[in-house]
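Hi there,

Here is the structure I promised to pass on. Have a look at it first, and then read my notes below.

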Amino acid sequence: MEIYKRLVRQNKDFVHSLESLANGLTWLLPERFSDSEIGPEAVTTILGIITAINEHIIDTAPAQDVTGSVEPYSFPYSLCLSALKDLETLVEVVAQHYCGDDKKWNFLAVTEATKVLVRLSLFRKSGYKLLLSGGETCNDETDSNSLTSPHQIGLKPGENYGSSYIKNNHGSNPWNMEGRALSALSKFGENARIVSEPLWLRRVQHQQAIMEPPVVERPTLFSILSRKGLRGAMFLIGEVLFITRPLIYVLFIRKFGIRSWTPWFLSLAIDCVGMSILSLVTTSVADGKEQMFHLSAPEKDEVKRRKLLFVLYLMRDPFFSKYTRNRLESTEKVLEPVPVIGFLTAKAVELTIGAQTRYTYMSGS
């Protein structure tokens, strides 16, 4: 296993290219999107899981320095979620083949509930940070939604609170006798401690300070609610809505059917409320004050990704059957006489209509 990990990490660009080629070719497998597509879908699932394992191996490579990105959790949440997402399509196909269209929603509800539990656990373990790609990408930005960063209390790297207090409150004025006395006592105590320590102990402590990365305390639910108040609670509600929306959508499809507008409108309403809350808590508050939640660059990309997911509502029934499919078929007829373009358009429409029949391809979960 270690040999395989070393090969993947040393040839990650080649591995990515090979995975992209293999995943692209799966769309051309015979009997794809047919009634007996268990075989092709099993191949796609296996390739997807292998891709997720390789990504996990690359992401958890030993860091060369203390700023490297290492999986901070003992449980591989991102790998688990990626594997569940790939496995869910196979579960849907097998359940539909052996249990029928109506009972397959029971199995899909179980898989969605499993993903919800894993994502909620990851949300708590990460210190209630924004989930990236539904938890498949680690959000290891230390400045994201920071509650106790040194800059917020005016500390410089390597400076403790006591020395900062003496400097800022007593030692800034050279004519302040109290400040000069406290500063001198502080320096004398530090020098005395350093001199009294053996040389070998100072070297060991210096090496430990270099090798061991600083421990960042993750915010808790109580700290977010106490420090950020209503906006903190709104952020938590919005993220929980985003996590649980797919499960709610499946449960309502199971009750009302895929052709009903109720699950479609309810899912759209949950997404709209969640995005509205996220937009509200990440914008500047009134009176020129700074915003309560600072989004990192990956988190800003995640917000854009969630906005793009609204396009999937055009591909979900009953909207697709009533409006989108007619548009696609009319476009195919218009471009059919054009050489090459007509063939490519027909193939694209065929794959789109086939993919639309699968909940997992259009669920956005």
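Predicted model: local features only at pLDDT ≥ 70, side-chain atom pairs only at ≥ 80, totals over all residues.

The protein chain has 14 helices and zero strands, so you can read the pattern along the sequence as α-α-α-α-α-α-α-α-α-α-α-α-α-α. Of its 365 residues, 35% are buried. The chain exposes about 22,200 Å², with 63% of that area supplied by carbon and sulfur atoms. Among contacts with a separation of 6 or more, 70% are between residues 24 or more positions apart.

The largest nonpolar core consists of 23 residues, and Phe-123, Phe-235, Leu-236, Ile-243 and Val-303 have the most contacts inside it. At least two residues of this core come from each of helix H4 (77-99), helix H5 (104-125), H9 and helix H10 (261-281). H9 gives the largest share, with seven residues.

Which residues does Arg-254 touch once its neighbours within four places in sequence are left aside? They are Trp-105 and Asn-106. With Asn-106, the link is a polar contact of 2.4 Å between the two side chains. Arg-254 also pairs up in space with Ala-109: the two are 145 residues apart in sequence, yet their C-alpha atoms are 8.4 Å apart.

Best wishes

Note on methods:
Residues numbered from 1 in each chain as written. Heavy atoms only, no water. Helix = DSSP H or I, 4+ residues; strand = E, 2+ residues; numbered from the N terminus. Buried < 20%, exposed > 50% of the residue type's maximum accessible area, 1.4 Å probe, protein only. Contact = heavy atoms within 4.5 Å. Areas by Shrake-Rupley, 256 points an atom, 1.4 Å probe, with all protein chains shown as cover. Polar contact = N/O pair within 3.5 Å; in protein donor to acceptor, adjacent residues only side chain to side chain. Core = buried A, V, L, I, M, F, W, Y, C linked by side-chain atoms within 4.5 Å.
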